[in-house]
Amino acid sequence: MKNAEQPVSKQATGKESYSLVNNQTGESVELPLIKGTTGPDVMDIRSLYAKTGCFTYDPGFTSTASCDSKITFIDGDEGILLYRGYPIDQLAEHSNFLEVCYLLLSGDLPTQEQRHKFRHDITRHTMLHEQVMFFFRGFRRDSHPMAIMCGIAGALAAFYHDSTDIKDPRHRAVASSRLIAKMPTIAALAYKYSIGQPFVSPRNDLKYAENFLHMMFATPCEDYKVNPVLARAMDRILILHADHEQNASTSTVRLAGSSGANPFACIAAGIASLWGPAHGGANEAVLNMLQEIGGKERIPEFIKRAKDKNDPFRLMGFGHRVYKNYDPRARVIQRTCHEVLDELGAKEEPLLDLAIELEHIALEDEYFIKKKLYPNVDFYSGIIFRAMGIPTTMFTVLFAVARTVGWVAQWNEMIEDPVQKIGRPRQLYHGQTFRGFTPIHKRK
Ligand code: CMC
C-alpha cells in the first residue's frame with residue numbers, strides 16, 4: 001500500500017464511507033464520509049497518509065475542503081449564495097452592510113439593541129492613529145492604492161498591542177471591529193493621497209457606505225451631501241462582496257492566521273491575494289478591457305481572442321471557479337447598475353451599452369455555453385464605480401473594504417475551531433533526488 005506508483009481506484013461503498021482499493025494488491029482502506037448540513041459530502045482523508053503512504057494531489061484545491069465552516073454556502077451549479085443561511089438577494093434587498101457584518105461575525109441577524117451596540121462598537125474605531133499618517137506620506141503619490149492598503153493594514157499590527165492575544169475572544173472582537181471600521185478610512189485616504197486633496201475625517205453620524213463616500217468626495221471648501229441612491233448602491237455592493245467562502249484571499253487569511261500570526265498582518269496578506277486580476281483585480285481589468293474593446297463592432301474580434309487557446313486574453317468578468325450557472329451577485333449588481341446610471345442621468349453610458357452587448361453575445365456563444373462561463377459580480381461593479389466617479393485603481397480597494405468582514409469572520413472561526421492546525425500542504429516532488437555537493441572547480 002505504500003507504493004505511490006501503484007494505480008488506485010475508488011469505489012463507493014454506501015453513504016457512510018468510501019473504500020479506496022489498490023488495484024494491484026487488492027488492499028483497501030475505508031475513508032469516512034462527513035456530511036455537512038447541505039452541499040457535497042466530504043471524504044475524510046486525514047488518515048490516508050498513515051494508512052497508504054500516499055498524499056492527495058489537488059493543485060488549486062479543486063476538490064479539497066480546507067476547513068469546516070458555518071459562515072457562507074455556495075451552490076455553484078444552482079447559482080446560490082447564502083450568508084449564514086440567508087440568500088444574498090434577500091440580504092441585498094432588505095438588509096444593510098453593518099447588519100450583514102453582524103450576521104457574518106455572530107451567526108444571526110441582530111436585534112434592535114444588538115444592532116445599536118454593534119454600530120457603536122464599529123464607529124468608535126473609524127479614526128486612524130495620527131502616526132499612521134506618516135506611513136501614508138512615505139508612499140509615492142502615484143502608488144497603486146492596493147499597495148497602500150496592503151502596507152497600511154499590515155502597519156496597524158504595530159499600533160494595537162492590546163488586541164493581539166488571539167486566544168482571547170475580547171481581543172479578537174476588538175481587532176475585528178478595528179479592521180471593519182478602519183478599512184474605509186484607509187481606502188478613502190489612499191484615494192485622497194493620490195489626488196493630493198486633504199484627508200477627510202470619518203463622520204460617525206453617517207451610515208457605513210455614506211461615510212465612505214463622504215470621505216472619498218467631500219472637501220473642506222464646500223458642503224458635500226451624499227446622494228442616497230449612490231449610498232444605497234455602495235451599501236449593496238459591500239453586501240455582495242462581504243464573503244465568499246474559501247476563495248483565494250480568504251484561504252490566504254486562514255493560512256496566515258493558522259500560524260497564530262497577528263490579525264492585522266493576516267488581513268494584509270488577504271489584501272495582497274485579492275489584488276490579482278484572476279480574483280479581486282478583475283473589476284479593474286473588466287473596465288480596462290471594455291475601454292480597449294472601445295466599440296460594439298470590435299466585440300467579435302475579442303470574443304475570438306478569448307476562445308483562442310494560443311492567446312492569453314480572457315474575457316474579464318466572465319467565469320468562476322465555483323459558479324457554473326449565473327453568479328447570483330451579478331443579477332443584483334446588474335439591477336443596481338441601471339439604478340445608478342438612471343440616477344446620474346448616464347443611461348447612455350457607452351461602456352454599459354458595450355457591456356450589455358458583450359454579455360449578450362458571449363451568452364449565446366457555443367464556447368461560453370459549453371464551458372459554463374457566465375458574467376460574475378465583477379462584470380458590472382466597475383461600471384457602477386466609474387459612474388460614481390471612483391477611479392479604476394480604487395475598484396479592488398472597494399472589494400477589500402467589503403471583504404474585510406468575511407476575512408475577519410473566517411479568521412475568528414478558524415481560531416475557535418478545536419481541530420484547527422497550522423496549514424501545511426504537502427507536495428508531489430519532481431526535482432532532483434539526493435546528490436553530493438560538487439566543488440566549484442569541478443562544475444561544468
Ligand atoms: N474567458 C475565456 N475563457 C475562459 C474564461 C474567460 N473569462 N474563464 C475560463 N475560461 C476557459 C479556460 O480557458 C478553460 O478552458 P480549457 O478547459 O479549454 O482550458 C476553461 O474555461 C476553464 O477555466 P479555468 O481557468 O480552468 O477555470 P478556473 O476555475 O481555474 O478559473 C477564473 C476561474 C475566475 C479564474 C477564470 O474564469 C477567469 O480567469 N476569469 C476571468 C477573471 C475574472 O473575471 N475573475 C473574477 C472572478 S469573480 C470575483 C472573485 O471571486 O474574485
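Strand E3 (residues 28–34) has a covered face made of Val29, Leu31 and Leu33, and an uncovered one made of Ser28, Glu30, Pro32 and Ile34. The model is predicted: local features need pLDDT of at least 70, side-chain atom pairs count only at pLDDT 80 or more, and totals for chains, interfaces and linings use all residues. Residues are numbered from 1 along each chain as its sequence is written, and side-chain values use heavy atoms, with hydrogens and water left out. Helices (H or I, at least four residues) and strands (E, at least two) are DSSP runs, numbered from the N terminus.

- Strand E2 (residues 17–22) pairs with E3 in the antiparallel sense over five bridges; two strands pair if DSSP finds at least two bridges between them.
- Val21 has Ser28 of E3 as its bridge partner.
- Five residues lie between the strands in the hairpin of E2 and E3, where Gly26 takes a positive phi near 80°.
- E3 also pairs with strand E4 (residues 42–43), in the antiparallel sense and over two bridges.
- Ile34 has Val42 of E4 as its bridge partner.

**The sheet E5-E6-E7**

- Three strands form an open sheet in the order E5-E6-E7, with antiparallel pairing.
- Strand E5 (72–75) and strand E7 (86–87) stand at the edges with a single partner strand each, so one side of each is left without a neighbour in the sheet.
- E5 and strand E6 (residues 80–83) run antiparallel and are joined by four bridges.
- Asp75 has Ile80 of E6 as its bridge partner.
- In a regular strand the side chains alternate between the two faces of the sheet.
- Buried means under 20% relative accessible area, exposed over 50%, and partly exposed in between (1.4 Å probe, protein chains only).
- The hairpin of E5 and E6 has four residues between the strands, and Gly79 takes a positive phi near 70° there.

- Helix H6 (residues 145–155) is largely enclosed by the rest of the structure, because eight of its eleven residues are buried.
- The buried residues of H6 are Pro145, Met146, Ile148, Met149, Cys150, Ile152, Ala153 and Ala155.
- Their cover includes helix H5 (132–138), helix H7 (169–195), helix H11 (263–274) and helix H18 (395–416); contact means heavy atoms within 4.5 Å.
- Helix H8 (residues 208–217) is likewise largely enclosed by the rest of the structure, because eight of its ten residues are buried.
- In H8 the buried residues are Tyr208, Ala209, Asn211, Phe212, Leu213, His214, Met215 and Met216.
- They pack against helix H3 (97–106), helix H4 (112–123), H7, helix H9 (228–240) and H18.

- Ser95 lies in the loop between helix H2 (88–94) and H3, and is buried with a relative accessible area of 7%.
- The side chains of Ser95 and Glu99 are joined by a polar contact of 2.6 Å.
- A polar contact is a pair of N or O atoms within 3.5 Å; within protein, one must be able to donate a hydrogen and the other to accept it, and residues adjacent in sequence count only if both atoms are side-chain atoms.
- Not counting residues up to four places away in sequence, Ser95 touches Gln90, Val100, Arg232, Asp235 and Ile239.
- Cys101 is found in helix H3 and is buried, with a relative accessible area of 0%.
- Cys101 touches Phe118, Ile180 and Val405, again not counting residues up to four places away in sequence.
- Cys101 and Arg403 are 302 residues apart in sequence and 9.9 Å apart in space, C-alpha to C-alpha.

**Ligand shell**

- The ligand is surrounded by 19 residues, of which the closest are His279, Lys309, Leu315, Arg321 and Lys371; a residue counts if one of its heavy atoms lies within 4 Å.
- The shell has eight nonpolar, six polar and five charged residues.
- Here Ala, Val, Leu, Ile, Met, Phe, Trp, Tyr, Cys and Pro count as nonpolar, Asp, Glu, Lys and Arg as charged, and the others, Gly among them, as polar.
- An oxygen atom of the ligand is 2.6 Å from an N or O atom in the side chain of Lys309.
- A ligand nitrogen atom is 2.9 Å from a polar backbone atom of Phe318.
- For the side chain of Arg321, the distance from one of its N or O atoms to an oxygen atom of the ligand is 2.8 Å.
- The protein buries 76% of the 940 Å² that the ligand exposes when taken alone; accessible areas come from the Shrake-Rupley method with a 1.4 Å probe, and for residues only the protein chains shown count as cover.
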